[in-house]
Amino acid sequence: MATYILRRIIQVIPVFIGATLLIYFMVFGMPGDPIAALFGDKQPPQAVIDQIRERYLLDQPFIVQYLNYLAGILRFDLGTTFTGQSVGEVLGRTFPVTLRLAVLSILIAFVLSIVIGATSAMLKGTVYDHFQLVVALIFIAVPIFVLAFMAQYFLAVQLGWFKPTVGGQNNWGDLWLPALVLGFSVYAASMRLTRSSMIESLGQDWVRTAYSKGLTRGRVIPVHVLRNSLIPMVTDTATNFGILMVGATVTEGIFNVPGVGNALYQAILRHETPTVVSFVTVFVVVYVLVNLLVDLLYGLLDPRIRYVK
Amino acid sequence: MSSNATHYVAPVKAEQVVVDAVRLDEKKSNLWLDAWRDLRRRPLFWISVVMCAIIVVVALWPSLFTSVPPQGSGACFLSKSNAGPEPGHPLGFTRLGCDVWSRLVHGTSVSMAVGLMATAIGTLIGVIMGALAAFYGGFLDSLLSRVGDIFFTIPYIVAAIVVMTVVPRDLRNELVLAFAIGGFSWASTARIMRAEVLRVKQLDFVMASVSLGLSRFKTLVVHVLPNALAPVIVVATIGLGSAIVAEATLSFLGVGLGGVSWGADISQAQTSIRTSPMALFWPSLALTVTVLAFVTLGELLRDALDPKSRAQR
């Protein structure tokens, strides 16, 4: 296991360097003047340009700039926003909120996909199964902001079950509506995965063995079938995490949740390029780490993966 | 024993037996024919095909469906802000007083143009990267696969947000937007292509082609690629839906092209969600139906091309 962990961590390093280099190159290596982009339509005085040039090492060669930026990331120094706050500080304030939202929505998606996936698999080919597959297709197709507005309009404005926006207070209870939206936006793929992997498990010999030694359906399904069908779900959660991060940007913006996604959303709306880059870098770093974690977990769950060279 | 003794040769009585006979009366069968036979019996397939066809027609000839211009002076009247339907304007007006129906119709062209170009770019890069990596293997495979990993790590909408924030407003056009989306969404196509080419290159006809003297590259292009394209076509069809969503998301966030776009209309209508929800509803519906049509088509195609998932129905 130790070798497996070490190998996975070593594999992550080039991906991390490549991804940050790519983002950095996109912003500072592309045609167009980043300083001009910083000021929008206004023409800054030459002294200001020179100062910014010096501060961001723009007079240095590209690779020096990048290494400096990379060193900053490793020191958790992610730069400052336009209003002068350090990005790290903003992250410290917003990250717990987004984490809460992510946990809630992954939980919702997980429960939905297991319950619907398992029942669909058992009722394969019935009207219920077809109905659930069509519903899943619709949730795969609906863009997250459309889903968010529908939920906001029908569940909050019309029915009054939830508050339309979250705002400053962000207790667990207030996050239900955005969490539901995010949960429903990712459950469909996981549900279909659960369904197909359960159908496969249901046809296995050991399921027949379990039945023939007298076990009840209530024991065979959860213990023998479902548990064995859950392993692919672990990788799927990692994929969901990427979707959730993009989804959080839009959803937190719409519901005014004071999280990382909202901070990114506001930065995009105000055209604060450096802040956008900082947050995107954070997203990528988190994504890489989650994937690493999931791979390690996967290796723990399934010994076959550990030993593949 | 005389040397001129003729030896007896039995007359051939048996009819000529043809080995490997093909029964011509049997139905032809291959991957695509089987898929077609499966698909044409499914009503959902025909529904999604008709939907896609309608969307394409609307995108190509928007002027057939509306004569009202979607934007510009003389087209929008602030006095009609968020007004309801009236003769000639079946769906009412947006917050800025433009005709909702006309903006829906013209928005189709933008969505389809960006979506198709982005998908074409993403698929092309993915196919080239995946095929080269799998077919030549070795160092090239490691290199291209790691590059793919890097692009896979960055969610492509996030990457497109960065590109579109950086590109100055006057340089933004459909092609830049398509590159921003397609240039970062190819990694999954490349992975699928790589797996498929790895499978196909083991097959006998590839070895036959190489031993008959065709160059490696020609073998790849002429024999391997056509036989490895099925999963990519599925991914591209579903990817077209995702690219359309990506365009709408970017426009919604204000880093799209500006101008006519469903995403921009949704973004504009969100501020008056309580007073005039219909202005929000129509572009949302158009977007959802379009994406649903292409995703459904892709999913059915995947089902039909994969015997394993056919068995799970």
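1. Two residues count as in contact here if their C-beta atoms, placed from the backbone, lie within 7 Å. By that test, 41 residues of chain A are in contact with 39 residues of chain B. The model is predicted, and it scores ipTM 0.77 and pTM 0.81.

2. Confidence should be read chain by chain. Chain A has a mean pLDDT of 78, with 83% of its residues at 70 or more. Chain B has a mean of 81, and 85% of its residues reach 70 or more. Within chain A, confidence is lowest in helix 2 (residues 34–39), at a mean of 62. It is highest in helix 6 of chain A, at 88.

3. Helix 5 of chain A deserves a look. It covers residues 87–122, 36 residues in total. From first C-alpha to last it reaches 49 Å, close to the 52 Å expected at 1.5 Å a residue. Yet helix 5 of chain A bends by about 40° at Thr94(A). A proline, Pro96(A), follows within four residues.

4. In chain B, take helix 5 (residues 156–166) and helix 6 (residues 174–182). Their axes come within 8 Å and cross at roughly 145°. The crossing is right-handed. Helix 5 of chain B brings Tyr156(B), Ala160(B), Val163(B) and Met164(B) to the contact. Helix 6 of chain B brings Leu177(B), Ala180(B) and Ile181(B). The residues of this contact divide into 7 nonpolar, no polar and no charged.

Definitions and conventions:
Residues numbered from 1 in each chain as written. Chains lettered and ligands numbered in written order. Predicted model: local features only at pLDDT ≥ 70, side-chain atom pairs only at ≥ 80, totals over all residues. Helix = DSSP H or I, 4+ residues; strand = E, 2+ residues; numbered from the N terminus. Expected span 1.5 Å × (residues − 1). Bend = angle between axes of the 7 residues up to and from the residue. pLDDT = per-residue confidence, 0-100. Axes fitted to C-alpha atoms, helices over the stretch in contact; angles between N-to-C directions. Left-handed = near helix turned anticlockwise from the far one by under 90°. Nonpolar A, V, L, I, M, F, W, Y, C, P; charged D, E, K, R; others polar.
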